[in-house]
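Open the model in your viewer and keep the selection tool at hand. The stops below cover backbone geometry and then helix packing.

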Amino acid sequence: MFEEASEVFENMFKSSFPLTFIVFLPAVLILVSPLPAEAAHEFTVYRMQQYDLQGQPYGTRNAILNTEARTVEAEVLSRRCVIMRLVDFSYEKYQKALRQSAGAVVIVLPQNMSTMPQDIVQQFMELEPELLATETIVPVYFALEDDELLSIYKQTHTSSSSQGSASAAEVLLHTATANGFQMVTSGAQSKAVSDWAITSLEGRLTGEGGEDLPTIVLVAHYDSFGVAPWLSYGADSNGSGVSVLLELARLFSRLYNYKRTRAGYNLLFFVSGGGKFNYQGTKRWLEDNLDHTDSSLLQDNVAFVLCLDTLGSGDSLHLHVSKPPKEGSPQHALLRELETVVSAQSSDLKFSMVHKKINLADDTLAWEHERFGIRRLPAFTLSHLESHRAALRSSIMDVRPHVELKKLSRNTKIIAEALARVIYNLTEKGAPADLQIFTDQMQVQEDQLSSLVDWLTAQPRAAQLVDKDSSVVSTLEYHLGRYLKDVKKHYVKADKRDPEFVFYDQLKQTMNAYRVKPAIFDLLLAVCIAAYLGVLYLAVQHFGVLYSVLRRAAQPKSKQH
């Protein structure tokens with residue numbers, strides 16, 4: 001029976017070689033055909049800044065990503081998506097990925113920034129300007145860490161680390177058996193956003209005593225800035241400044257509600273947009289008021305402009321000036337009253353004046369008051385920061401815990417008391433230095449400040465994300481309208497022929513991490529299948545010989561006598 005079967009199989013496959021593929025190939029294809037790619041994880045990623053300012057490009061110029069994941073420990077990063085965790089991030093590693101022409105960079109951030117060690121936070125804040133200083137064609141994304149993403153990172157890290165320390169055979173085996181991840185973004189290539197409007201708002205309190213009253217202007221920019229727009233919450237810079245301005249509007253509106261407590265100064269409140277882009281909102285507002293209108297408080301007697309910037313923490317206050325105020329001027333009166341209030345009511349607080357001339361050769365202005373100084377309006381910026389180069393002013397690490405409510409409330413009260421002493425001329429009238437106006441029912445409300453800061457830091461406020469219909473703008477308008485008169489909105493659009501600023505889209509996308517086998521796995525699998533088919537073919541072609549050998553091996557050996 002076995003001899004007959006041997007002849008049948010041998011004749012069938014020897015006479016019809018294609019029949020071999022008809023019998024075996026369908027089975028092989030069924031067994032080894034790849035399954036559809038399975039998405040291991042889907043998560044949101046936030047792209048690095050991309051904008052042009054005064055014709056100079058900044059940030060990443062690409063948004064499309066479809067490449068295999070590696071960590072920076074891998075020997076070869078070319079055309080790979082390099083994943084880094086913030087705790088392991090350094091500028092040298094980032095530059096290594098760019099030098100090797102990586103396909104993309106994804107930086108994984110913790111869900112709660114405030115849990116990071118302070119030295120790591122400070123290091124990254126100082127690196128953010130360097131990341132944006134030069135444009136790159138490599139897409140750079142940020143993602144918030146979760147369990148799945150952390151697992152992907154660990155598997156990729158293990159695979160990447162093994163390549164540099166093992167033998168060639170071990171690397172080949174590990175590469176063939178390891179799981180890889182293909183990182184793919186769902187969005188399109190970024191393009192310039194046309195007709196984007198930056199919104200600013202103003203409101204006023206009118207003083208008592210005639211038409212030619214001097215005007216005090218209080219200014220704070222509301223937009224935030226960081227290496228990734230969708231992660232820029234700007235708690236201290238400048239959520240704190242806006243909160244102080246709105247609280248000052250509430251306090252002085254109560255004084256200006258009654259004719260007998262109305263001062264001989266107009267108070268003009270301005271919440272500017274585009275502050276982080278060289279104060280575009282303030283620039284256009286000044287042009288509209290000084291160049292394109294015949295009736296404006298800015299064209300009349302401006303006593304001084306006080307800009308509020310980064311006031312949410314610290315044990316010092318610095319009055320930044322471009323030109324030291326002359327004695328006897330309203331500007332000098334403010335300086336003197338700030339010194340008086342600080343020494344009498346907050347002796348533990350350090351106060352100083354910082355003089356820095358306007359440098360028009362720089363790409364951007366240092367402080368917002370310089371916009372007014374260029375137009376020859378007396379202006380200051382009040383901040384707890386001693387230098388405009390402080391990393392906190394332009395960082396995604398500037399989150400809610402950076403604002404200390406007690407210190408924000410203290411700074412608000414100091415500014416309110418000093419302004420009140422100026423507009424009511426209390427020092428000249430012999431009022432004691434420790435006189436406090438904002439007490440009891442008129443005191444600074446910490447709950448109000450807290451709710452304002454919480455609201456401002458509940459959403460990113462990057463200029464590219466806050467359009468004229470944004471809830472940020474409408475809520476600011478509501479708060480100003482509660483306390484001030486003649487609330488107006490002002491819009492800035494870039495010139496189409498020679499734009500001062502250009503924003504780009506695709507700043508937030510969905511990324512998929514697909515679990516895949518590396519290309520070497522497909523090659524080895526093909527070799528194994530070919531070897532299997534070759535052995536099987538030889539066995540069938542020589543089935544008779546194989547059967548004879550197996551039969552002899554299976555027969556019991558006869559005993560010899």
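Helices (H or I, at least four residues) and strands (E, at least two) are DSSP runs, numbered from the N terminus. This is a predicted model, in which local features need pLDDT of at least 70, side-chain atom pairs count only at pLDDT 80 or more, and totals for chains, interfaces and linings use all residues. Residues are numbered from 1 along each chain as its sequence is written, and side-chain values use heavy atoms, with hydrogens and water left out.

Start with D440. Select the loop between helix 11 (405-423) and helix 12 (446-456), where D440 is found. The phi of D440 is near 55°, a positive value in a residue other than glycine. With a relative accessible area of 64%, D440 is exposed (over 50%; buried means under 20%, partly exposed in between, with a 1.4 Å probe and protein chains only).

Next, select T310, in the loop between strand 12 (302-308) and strand 13 (316-321). T310 is not a glycine either, yet has a positive phi of about 60°. Is T310 buried or exposed? T310 is buried, its relative accessible area being 0%. Most residues other than glycine have a negative phi, and most peptide bonds are trans.

Now show what surrounds T310. Contact means heavy atoms within 4.5 Å. Beyond its neighbours within four places in sequence, T310 is in contact with D236, S237, N238, S240, S383, H384, L385, L392 and R393.

Two residues of that list are the next selection: S237 and N238 are joined by a cis peptide bond, with omega about 5°. N238 is found in helix 7 (residues 235-256).

Finally, select helix 12 with helix 13 (residues 471-483). These two helices pack at an angle of about 160°, with their axes 12 Å apart; axes are lines fitted to C-alpha atoms, for helices over the stretch in contact, and angles run from 0 to 180 degrees between N-to-C directions. Helix 12 and helix 13 are therefore roughly antiparallel to each other (over 145 degrees; under 35 counts as roughly parallel, 65 to 115 as roughly perpendicular and the rest as oblique).
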